[in-house]
Amino acid sequence: MEIGAQTVILGGGVAGTGPFMLQGAVVVEAGRILWVGPQADLPSDYASWSVLDLEGRLLTPAFIDCHTHIVHGGHRAREFEMRLEGASYEEVARAGGGIVSTVTATRKADEDSLVASALPRLDTLIGEGVSCVEVKSGYGLDQEVELRMLRAARRLGDLRPVRIRTSFLGAHATPAEYKGRDDAYIDEVCIPTLRAAHAEGLVDAVDGFCEGIAFNTSQISRVFDVARELGLPVKLHAEQLSNIGGCALAAKYGAMSVDHVEYATEADAKLLATSGTVAVLLPGAFYAIRETQMPPVAAFRAHGVPMALATDCNPGTSPMTSLLLAMNMGCTLFRMTPEEALRGVTEHAARALGLTDTGVIAPGMRADLAIWNVETPAELAYRFGFNPLHQRIFGGKE
């Protein structure tokens, strides 16, 4: 199935335009969507254009993975065993495992090695119809390696037909050389590295880990103040293991997203609704660390907080590279609807990254699309361990 510079896509269902259209049509010109509507209403102006016949398949926006850590060194399979033996995530971290163990491996890897190890993970995501991937730093925790990670992330977008959005996550953990001196690490390493990364054009957003085993709201605020000074948007890991005020902090700074949020409250939901912040749900991490506290999906729904879904692909607590599986988990574990799950990996995922030209099928949007060997949107979240992608269209090209 080929797509040309001027193409009419029809002959199947279309999701991602509002209500599901059983017989929809999408007109694409020069990589942009020109017209969308019922096939019966297709203007005669496009009668001579080439046709891409879906043959009954489903057309959706291409997927967006809005929270990943795919650039890193090493693996943490031993920690997987430790958790099976009864150790909690906090116990693993305090024993020298967790993020700090990945820091050790990442510091040993050069830029080419980081790129080479990330490509198979990226290719797997692309193979499920993903057109855009957010990639975080945070496993260097010194200026040299944080910049190395961000450069590696940028290179991924040069090597594959995919958009890469980078997030500086220097406030991820305190490295061993600063143990017990969290404030000094923020002031002496994290903030100067953020300034250096911004000067090199390596940062699209600034992230942080606000948690009892990471950084408190005061420390994250100092990082966010610098982000604001540099004109960079912010996002935040918060309320994953406890509630120490991360959602309130994210709302205060108008964060694009707050991620994990298992321990968020209804009061947090009201704040996020007011600030327009997206709640990014990460069921892979919930599953991997055998969490029991579910995110307040009903409160988010009731207060109109947009909910995105992402893989959180990382070597320790969510070694998952499947947004289709994240959709199923979002429905099965968090009781999201299939429609919410689809919007969570398209429209709301785009919003979580500050993207305004993708995530929905509408005139003016990029023609980042996915064609699926299914008939209805619910089938995408219904199966797991199965990839029904037929074709991915990126910027109007196969």
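Here are some friendly notes on this predicted model, point by point.

1. **Before you start.** Because this is a predicted model, local features need pLDDT of at least 70 and side-chain atom pairs count only at pLDDT 80 or more, while totals for chains, interfaces and linings use all residues. Residues are numbered from 1 along each chain as its sequence is written, and side-chain values use heavy atoms, with hydrogens and water left out.

2. Look for 8 strands in the order 6-7-8-9-10-11-12-13, with parallel pairing. Helices (H or I, at least four residues) and strands (E, at least two) are DSSP runs, numbered from the N terminus, and two strands pair if DSSP finds at least two bridges between them. Strand 6 (63-65) and strand 13 (307-309) are the edges; each has a single partner strand, so one side of each lacks a neighbour in the sheet. From one strand to the next, the twist averages 25°.

3. Strand 11 (residues 257-260) runs parallel to strand 12 (residues 278-281), and 3 bridges join them. Which residue of strand 12 is the bridge partner of Ser257? Val278 is.

4. **A helix across the strands.** Helix 4 (residues 111-126) lies across strand 6, strand 7 (130-136) and strand 8 (163-171), and runs at about 145° to strand 7. Axes are lines fitted to C-alpha atoms, for helices over the stretch in contact, and angles run from 0 to 180 degrees between N-to-C directions.

5. **Two packed helices.** Helix 5 (residues 143-159) packs on helix 6 (residues 182-199) at about 40°, with axes 10 Å apart. That makes helix 5 oblique to helix 6 (angles under 35 degrees count as roughly parallel, over 145 as roughly antiparallel, 65 to 115 as roughly perpendicular and the rest as oblique). Helix 5 brings Gln143, Glu146, Leu147 and Leu150 to the contact, and helix 6 brings Val189, Pro192, Thr193, Ala196 and Ala197; contact means heavy atoms within 4.5 Å.

6. **Pro377.** This residue sits in the loop between strand 14 (369-372) and helix 15 (378-382). Is Pro377 buried or exposed? Pro377 is buried, with a relative accessible area of 15% (buried means under 20%, exposed over 50%, partly exposed in between, with a 1.4 Å probe and protein chains only). Not counting residues up to four places away in sequence, Pro377 touches Ala15, Phe20, Leu58 and Leu342.

7. **An antiparallel pair.** Strand 14 and strand 15 pair in the antiparallel sense over 4 bridges, and Trp372 stands opposite Leu389 in strand 15. In strand 15 (residues 389-393), 4 of the 5 residues are buried, so this strand is largely enclosed by the rest of the structure.
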